[in-house]
Amino acid sequence: MSDVIVIGGGFAGLAAGVALAAEGVRVTVLEKRPFLGGRAYSYTDAATGETIDNGQHAMMGCYHHMFRFLERIGASDKLAIQSGLRVPMLDAERGRGVITCPALPNPLHMAAGVLGYRLLDLGDRARVLVGGLRLLAMKRRCDPRLATLTVDAVLDLLRQPQATRRAFWYPVAIATLNEDPALASADLLAEVMVRAFFSGKENARFVLARVGLSDLYTVDARRFIEERGGRVETKAHVVGIGVRAGEVTHLELRDGRRMTAHAYVSAVPPQGLFPILPLAIRRDLPALGAIERLASSPIVSVHVWFDRPLLRDDFIGFVGTQTHWCFNRDKITGRDPRGGSYLTFVSSGARAIVDLEADAIVAATLADVRHLLPGAAAATVRHTQVVKEKFATMSPTIEAERLRPTAATPLPNFFLAGDWTATGLPATIESAVQSGHRAAELAARCAAQGVRREEARAAS
Ligand SMILES: Cc1cc2nc3c(=O)[nH]c(=O)nc-3n(C[C@H](O)[C@H](O)[C@H](O)COP(=O)(O)OP(=O)(O)OC[C@H]3O[C@@H](n4cnc5c(N)ncnc54)[C@H](O)[C@@H]3O)c2cc1C
């Protein structure tokens, strides 16, 4: 019997497993798929033989829990970290602009970055800065209006004109919240502004994996857990959670096994957890029953192999198009671009295109790219690959912020982790890892009590 069983082998589940193993807790991680990594994984593209991510993931300097997790498993050196925030953006109307933060104390670094952003007129740059500082002040004094406003509504309150939304607020909000600003919670945008952009230069840096996502963390995390006596099982699909007298008693697996532990951590998304909860629990415990109402928002990634290099930057943002970001996989991973380049294009909050055929998505993406990226019109496309993640992240609406459950549940030996739980953060890697660490802390304490009870029973 394990002390703790963790269901789910994504960032949250593996971070929980690693934290538990580090504390000497006997842990088992169960993952239903044949591979670990959840919504952040890589695989080999059959046509090119190259490793591609299910979607480009960008991290930030403020991802402190993620850094701790990667450091623990010895994977920190797989990251490329900017020396300071530098975000190039392309706009068909105004050309190229760069937000770049000099080495100044907070908040002067952001002030300098915004005031130098030439995709906005000087007056609009000042409006962004004043709006950002007001949003920050609202967050710091816990202004109750934030919990009731969408991003669009708070931008109205902050008197932000269309131009500042288009070239600054929307790219930031859509990238970090993965949702339409008309739906996304203003509170979460304010949290991002506080954590990432107005808490020092180090936190504002972009961080990218130099290797495929699965190589970034799944192999090292598994090894870390197994070296400490824990187990990581793939193709281990939990189909039921047994509950008796208000406690979880066991897990049922698709292969017929029953597994027991002193404590259990669910690190699966809401649409995975809801069906395996007993009916009575869904009905009688509103905190768990309500997770059915959490919706998700899609991300579409289009991987394109061109016959020539098209981009000098690691990544660049697109203003005013359905395609939001372009990532230069050659530069990020050190791939040799001489035989042709490999770029990944990302559309977040991509409801408008996610149900289109792959060919139509490629055509729409290439239209944006040829419109914006110098040289793209003349380049030949050699190969494309579309990855649709329909359930990419929780949709961070105002209602969702009220429904996100905490790590502790009404069942005293059952804990929740996952990017979608109540971390105060958008559904990101940092939210997932932070939640995993918190659930591990609670589960370790609960399991220790269980072990003590067991020892006392054995002694008597
Ligand atoms: C295309 C895309 C781009 C993204 N970009 C970014 C980004 O740039 N920056 C960022 O920070 N975040 C980004 N994210 C979000 C990030 O990937 C997630 O926040 C993170 O991976 C969530 O991890 P998790 O462990 O909470 O959940 P998951 O990764 O979903 O892990 C849950 C695991 O549980 C398993 N599971 C489910 N049900 C069961 C069951 N019954 N039994 C056993 N196992 C089960 C699943 O197979 C899965 O492996 C992106 C996501 C996507 C899809």
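Biologist: How many helices and strands does the secondary structure of the protein come to?
Modeller: The model is a prediction. Both kinds of element are present in its secondary structure, and the count comes to 15 helices and 20 strands.

Biologist: What radius of gyration does the protein have, and why does it agree with a compact globule?
Modeller: A compact globule of 460 residues would have a radius of gyration near 23 Å. The value for the protein agrees with that expectation, because the protein has 23 Å.

Biologist: What does the C-alpha trace of the protein span along its principal axes?
Modeller: The span is given for the C-alpha trace, axis by axis. Along the principal axes it comes to about 80 × 50 × 40 Å.

Biologist: Among contacts between residues at least 6 apart in sequence, what percentage join residues at least 24 apart?
Modeller: As background, 49% of the 460 residues count as buried. For contacts between residues at least 6 apart in sequence, the share joining residues at least 24 apart is 71%.

Biologist: How far apart in space are Ala459 and Leu183?
Modeller: In sequence, 276 residues separate Ala459 and Leu183. In space, C-alpha to C-alpha, the distance between them is 58 Å.

Biologist: Are H1 and H8 roughly parallel or roughly perpendicular to each other?
Modeller: The axes of helix H1 (residues 11-22) and helix H8 (residues 213-227) come within 9 Å and cross at roughly 30 degrees. Angles under 35 degrees count as roughly parallel. H1 and H8 are therefore roughly parallel.

Biologist: Is the crossing of H1 and H8 left-handed or right-handed, and which residues of H8 make the contact?
Modeller: The crossing of H1 and H8 is left-handed. From H1, the contact uses Leu14, Gly17, Val18 and Ala21. The contact residues divide into seven nonpolar, two polar and no charged. On the H8 side they are Tyr217, Thr218, Ala221, Phe224 and Ile225.

Biologist: How many nonpolar, polar and charged residues does the contact of H1 with H15 have?
Modeller: The axes of H1 and H15 lie 7 Å apart at an angle of about 40 degrees, and the crossing is right-handed. Residues in the contact include Phe11 and Leu20 of H1 and Ile429 and His437 of H15. By class, the contact has 13 nonpolar, four polar and no charged residues.

Technical notes
Residues are numbered from 1 along each chain as its sequence is written. This is a predicted model: local features need pLDDT of at least 70, side-chain atom pairs count only at pLDDT 80 or more; totals for chains, interfaces and linings use all residues. Helices (H or I, at least four residues) and strands (E, at least two) are DSSP runs, numbered from the N terminus. The radius of gyration is taken over C-alpha atoms; the globule rule is 2.2 Å times the number of residues to the power 0.38. A residue is buried if 20 or more other C-beta atoms lie within 10 Å of its own, exposed if 12 or fewer, and partly exposed in between; C-beta atoms are placed from the backbone. Two residues are in contact if their C-beta atoms, placed from the backbone, lie within 7 Å. Axes are lines fitted to C-alpha atoms, for helices over the stretch in contact, and angles run from 0 to 180 degrees between N-to-C directions. Angles under 35 degrees count as roughly parallel, over 145 as roughly antiparallel, 65 to 115 as roughly perpendicular and the rest as oblique. A crossing is left-handed if the near helix is turned anticlockwise from the far one by less than a right angle, and right-handed if clockwise. Ala, Val, Leu, Ile, Met, Phe, Trp, Tyr, Cys and Pro count as nonpolar, Asp, Glu, Lys and Arg as charged, and the others, Gly among them, as polar.
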